[in-house]
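Hello,

Here is the structure I promised to hand over. Please open it first, then read my notes below.

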Amino acid sequence: MASQENLISEDESINQTEPWQFENALSRSDRETLSSFTMLSDFWGQQLPNFSSYSLNLMVVLACIVNEIIALATLESPLWSRSQCENIEMLNLNEYYSQFFPWYAKNVPRFVHEASRASAVIRVDASWLVRKLENPVRWVSIFPSLVGNVSIESSHDDVKMIDMEFLTLITPVIPTRKIKVLRYCHRIGNDTWVIADISMYLSSYSDDLRPEFLRFPSGFIIQHLPNGYSKVTILEHWVYKDDAILNRLRPYLSSGLGFGAKKWLVALQRYCSKTIYVPLMDITNQLLSSSKSFCVLFLIIVNSTGRDNLLEVSRHMVHLYCSGTCGVNGYQWRRLGAGRTFDVRVFTRESPDMIRHPCRIISASGLAKIHAKPEMLFPFIYGVKKREIFNHLRLFGNGLKQVLRITRDDSTPRNDVSLFSFRLNNSTEVFLLQEAYNEASSSMVIHSILDESSLAKIINGDTSFSITYPCGFTIMPGQNSGDEEAGCVVSVGFQEIATEAIVANTMMSNVEKTLSDTFTNFENVLAANW
C-alpha cells in the first residue's frame, strides 16, 4: 500500500459531494467484510490521528479495490472459466460472491453482471505504458472507439475522481455508459503497477435509486518484463439494469465480445503496435509524372513524422465518428425527434464557429440485420466495392483505388490505415482516408474525404485542420434465431452539415431514405458477388 501522503492528505483534495456509505450487514460475508473494514480503519486511525474518518475510509476503500483486482487477476478456476467458442475468460459469479462479497454494492434483483478478463504481452516498456494510461484525458486517443469523453473532477497524487462516458457499442440503439469513477494508480512492486477503477456509488442503493450502470473494481495490471516488454492483464466488471441493453444485443455483450476485457486489450495493442508502410503504387512512374498529389504521398513514404501525423488524424476521425454515432453528451450532441424507424438515430450539434459558419452538424446512423457472415461483408466495405454501397462515393466517378496502406505489426489482416484516390469529375484528384478495425468480436471501417491541400496540411502537422464529417460501418456477429442464419448486425453512420431549416423540416425523412438506400445497396452488392 502506498504511503499515506500518496493516498490523501487533505480533506479538500477529493470532492466530497458523494457520501461514502457502508451499511450494516446481515449475512456472514457481510459481517466478515465489515469486521475487516473496521479493523483497517481502526489501524489507520491509530497511525494517523489527525485524519478525518472520511480520509481513513477512502484509504481503506482504495486498499480493498487494489486487493480485489490483484486477486481477480491471479486466481484461476473455478473463479474464471473459458468460453469454448471465443476463448474468453468469464467470471463465475457464484464463486465471486462466495470469495469477494461486494462490500461496495450489493447484488440487487434485475441487475446483471458483465465481467471478463484478458492478458497479453505488449511490446512496449511498462513505465512508458503506465505514463500514458495514468492520465485519464489520454484515454480518448488511446481508446477512440471505447471512451467517448473524460473530464477530471478532482485529483490528488495517485487518486482521481473522473467523469467518464464509455462507448458500449458503436450503434445507434445502445446507450453510452456515463459514470463517475474513482481511479487509483499505484505501484505494487518494483516492476508492477495497477490502475484501478470503481464507480463512486458505493452503497447498497435500492433498486429505484441505483444508477443504471455501475463499474465494479476493474482496471489494468502492468508488469515489466526483462526484455523491455510488458505483460498487461485487463479486468472489466460492469453491473447494469437488465433492460438497459436491447434484447437482441444482450447475448453479444454478456459473452464478453462486445465490451469485455478482450476488446480493451486489442485496442491497447493497436495503439502500442509499430506501423509498417506498404506501397501500393509504381513509385518510378509516379516520380516521372511529378504530380502534386504524389509529392504529398512521397512525404508520407519518406517521412515518419508524416505517417505519425496521418495516424493521429485517423484516430481523431475514428473518435469523431464513434462519439457522433453514440451521441456522446460531452460533445453536446442532442437527439432529434424519433423517426418512423426504431433503429435509426439522428443527433445534432452546433458548428464550432456559429458566427462565421452558422450551421448544424448532423450525425445519423441506422442498424439492420444483413443475411451474410461478417467475413463475407467486411471485404466489400474495406476495399473499392464500398463505392457501390455508399451513394456519396458514387458521385465521384470511377477509378477508386488504394494507393497507400499503413499496417500494424500484428497478424490480423486488414487492420490498418489506408489512403484511396479517385478523380472528381475526371480531373481533380481527391483522397479518401480510411481506418479499419478487423477483430474477432467485430469489424469497423471509417472513412473521410480529403482534397490535396487538406492531406498536405495533415502530413505537415497543421493543427488548424481537422476531420469533420466521417462516415462508416460497424459489423457485429448476429445471433441464431430458430432456423434462421445468424448473419450479422450492421450499423451505418454518416455526418454532414445542414441548415436550421433542413433540420427542422426534412432531416428525418432524408436520413431514413439515405440509410435505407445504403442497406439496399448492401444486399445488391452481396447478391451480385455471391
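**Gln332 and its loop**

Gln332 is found in the loop between helix H11 (304-326) and strand E12 (334-335). Helices (H or I, at least four residues) and strands (E, at least two) are DSSP runs, numbered from the N terminus. The model is predicted, so local features need pLDDT of at least 70 and side-chain atom pairs count only at pLDDT 80 or more, while totals for chains, interfaces and linings use all residues. Residues are numbered from 1 along each chain as its sequence is written, and side-chain values use heavy atoms, with hydrogens and water left out.

Back to Gln332. Its phi is near 60°, a positive value in a residue other than glycine. Is Gln332 buried or exposed? Gln332 counts as exposed because its relative accessibility is 58%. The cut-offs are these: buried means under 20% relative accessible area, exposed over 50%, and partly exposed in between (1.4 Å probe, protein chains only).

**Overall**

The protein has 16 helices and 20 strands. It has 530 residues, and 54% of them are buried. Take the contacts (heavy atoms within 4.5 Å) between residues at least 6 apart in sequence: 65% of these join residues at least 24 apart.

Asp243 lies in the loop between strand E10 (230-241) and helix H7 (250-254). Asp243 has a relative accessible area of 60%, so it is exposed. Asp243 and Phe111 are 132 residues apart in sequence, yet their C-alpha atoms are 8.6 Å apart in space.

Pro78 sits in the loop between helix H3 (53-74) and strand E1 (80-82). A cis peptide bond joins Ser77 to Pro78, with omega about 10°.

**Strand E17**

Strand E17 covers residues 428-438. Of its 11 residues, 10 are buried, so E17 is largely enclosed by the rest of the structure. Which strands pair with E17? Two strands pair if DSSP finds at least two bridges between them. Strand E16 (residues 416-424) runs antiparallel to E17, joined by eight bridges. There, Leu419 stands opposite Leu433. Strand E18 (residues 443-450) also pairs with E17 in the antiparallel sense, over eight bridges. Phe431 has Leu450 in E18 as its bridge partner. A hairpin of four residues leads from E17 to E18.

**Strand E20**

Strand E20 (residues 488-498) is mostly covered, with nine of its 11 residues buried. Strand E14 (residues 360-370) runs antiparallel to E20, and 11 bridges join them. Ser365 stands opposite Gly493 in E20. Strand E19 (residues 471-477) is antiparallel to E20 as well, through seven bridges. Pro477 has Cys488 in E20 as its bridge partner.

**Helices H5 and H8**

Helix H5 (residues 126-133) packs with helix H8 (residues 261-272) at an angle of about 110°, and their axes are 13 Å apart. Axes are lines fitted to C-alpha atoms, for helices over the stretch in contact, and angles run from 0 to 180 degrees between N-to-C directions. H5 and H8 are therefore roughly perpendicular to each other (65 to 115 degrees). Trp128, Leu129, Lys132 and Leu133 in H5 meet Leu268, Tyr271 and Cys272 in H8. By class, this contact has six nonpolar, no polar and one charged residues. Here Ala, Val, Leu, Ile, Met, Phe, Trp, Tyr, Cys and Pro count as nonpolar, Asp, Glu, Lys and Arg as charged, and the others, Gly among them, as polar.

Best regards

Notes
Parallel < 35°, antiparallel > 145°, perpendicular 65-115°, else oblique.
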